[in-house]
Structure formats: structure tokens, C-alpha cells
Amino acid sequence: MGDDSFNMLKTIYDAKDLPDLYAKMDGKIGEGYVGLGQNVLFADTSGNIGYRLLMTIPERKDKTPFIGSRVLDGTTTKFDWTGKVIHQKDLPKSLNPKKGYAMTANGRQTTDHAINDYGASSNSPGRTLRIDEILKEATESGKKLSLADLGAIQQDVTDVIARRMTPKILNI
């Protein structure tokens, strides 16, 4: 196995728009991809926005959900890798989400009812919940965010989990 990072970056650079890029990533370039791994947010000049988990994830014989989030029995071959990696088309992604924005903050990008658990291991939702709260409010009000607004989001220290838990703790 080599490193496909450069080819993937070239594919991103050469794509005419996000639908074109997603079709390419879901095609041959995304099959057996081995390389740079990260959460990627995209935008193009046609107004499309999107998210993709660009990652090399080994395929395992056992398809039990959340297998990558726990210690496995090494005395059996049940959990061994197949020698393949998961195709990019099967990893979390979105294109022009209905909510009108895309964000990650390295938070979980899968739902509780996902077919697989790829991208589910990032499960510290506080920062993601807070940024989503701010972006949702701005989107619903029609506010256009400025560079200063984005800086304020970056520096925001509101703890959504603490805000939710404090009244419950005080009641105890």
C-alpha cells in the first residue's frame, strides 16, 4: 500500500464543483484510499457546501457496530482485518445539508441509527453542540456571519453540557 494523499488532493483541486468531487470520491479514487485522514469541509463557487470524513479505515471480518471503540479479543481471528480498507463512499458525508450549513469541530458525524460506526468514535459533543447552536440561530435569523463572528465562535467558552446539567445538579 502506498500513500494516495497527493492524488486525493489533486482530485479535490481538479473537481469542477462539489457534486463532481463527490462523484469522483465515491468512484475509483475513493476505493482503497490510503493516506491523509481528517474531517473536511468543502465549499465551491456554485454555492454548494459539504462535509466528508476522509479517512483510511481497515475493513474487519466482524461488522459489529462500534467495534473500533472497544478492546477486541486477540485470541481469535474473528476481528482481523480483511486486508481491504473501507471505500470513501461508505464514510460519513453530507452535501448541501437541509439545515443550511456544515460543521464538525471534530464531533460525531453519524446518527445513532447509522448503518456502520465509521466516524462515531468522536463522541465529546459539547463543542459541536455549542457551535451548532450558534450557527442554527444565525441561519434561522438570516444573519450573515462576519470574520469577527467566526473569531468569536472560535473563542466561545460556553459549556452546553454544564448549562444543561447545572439545574439538575442544583435540584439534587
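1. Asp90 is partly exposed in this predicted model, because its relative accessible area is 38%, a value that falls between the limits of under 20% for buried and over 50% for exposed. The residue takes part in a salt bridge with Lys89, in which the closest N and O atoms are 3.9 Å apart, and that distance can be set against the cut-off of 4 Å used to call such a pair. Lys89 is likewise in the partly exposed class, with a relative accessible area of 40%.

2. The salt bridge between Asp156 and Arg130 has an N to O distance of 2.9 Å. Asp156 belongs to the loop between α4 and α5 (160-171), while Arg130 belongs to helix α3 (residues 126-141), so the pair ties together parts of the chain that are 26 residues apart in sequence. Arg130 counts as buried because its relative accessibility is 15%.

3. As regards accessibility, Arg52 counts as buried, at 1% relative accessibility, whereas Asp26 is partly exposed, with a relative accessible area of 26%. As background, side chains of opposite charge can pair when their charged atoms come close.

4. Strand β2 also belongs to an open sheet of three strands, which has the order β1-β2-β5 and antiparallel pairing. The strands β1 (38-43) and β5 (93-95) stand at the edges, and each has a single partner strand, so one side of each is left without a neighbour in the sheet. From one strand to the next, the twist averages 20°.

5. Helix α2 (residues 18-25) lies across β1, β2 and β5, and the helix runs at about 20° to β2.

6. Ser5 is found in helix α1 (residues 5-14) and is buried, with a relative accessible area of 12%; if residues up to four places away in sequence are not counted, Ser5 touches Tyr33, Val34, Gly35 and Leu36. Phe6 is placed in helix α1 as well, but Phe6 counts as exposed, at 60% relative accessibility. Phe6 and Leu36 are 30 residues apart in sequence, and their C-alpha atoms are 8.9 Å apart in space.

7. On the surface, Leu145, Leu147 and Leu150 form a nonpolar patch, and together they have about 300 Å² of accessible area. Leu150 has its place in helix α4 (residues 147-155) and counts as partly exposed, at 44% relative accessibility, which means that Leu150 passes the requirement of over 30% relative accessible area that applies to patch residues.

8. A backbone detail to check in the model is Asn96, where phi is near 50°, a positive value in a residue other than glycine. Asn96 is found in the loop between β5 and α3 and counts as partly exposed, with a relative accessibility of 35%.

9. For the protein chain as a whole, there are five helices and five strands, and from the N terminus on the elements run α-α-β-β-β-β-β-α-α-α. Of the 172 residues in the protein chain, buried residues make up 29%. Among contacts with a separation of 6 or more, 63% are accounted for by residues 24 or more positions apart. The accessible surface of the protein chain comes to about 11300 Å², and 55% of that surface belongs to carbon and sulfur atoms.

Methods:
Residues are numbered from 1 along each chain as its sequence is written. This is a predicted model: local features need pLDDT of at least 70, side-chain atom pairs count only at pLDDT 80 or more; totals for chains, interfaces and linings use all residues. Side-chain values use heavy atoms; hydrogens and water are left out. Patches are made of residues with over 30% relative accessible area and no salt bridge: like charges are joined within 9 Å, nonpolar side chains (Val, Leu, Ile, Met, Phe, Trp, Tyr) within 5 Å. Accessible areas come from the Shrake-Rupley method with a 1.4 Å probe; for residues, only the protein chains shown count as cover. A salt bridge is a side-chain nitrogen of Lys or Arg within 4 Å of a carboxyl oxygen of Asp or Glu. Helices (H or I, at least four residues) and strands (E, at least two) are DSSP runs, numbered from the N terminus. Buried means under 20% relative accessible area, exposed over 50%, partly exposed in between (1.4 Å probe, protein chains only). Two strands pair if DSSP finds at least two bridges between them. Axes are lines fitted to C-alpha atoms, for helices over the stretch in contact, and angles run from 0 to 180 degrees between N-to-C directions. Contact means heavy atoms within 4.5 Å.
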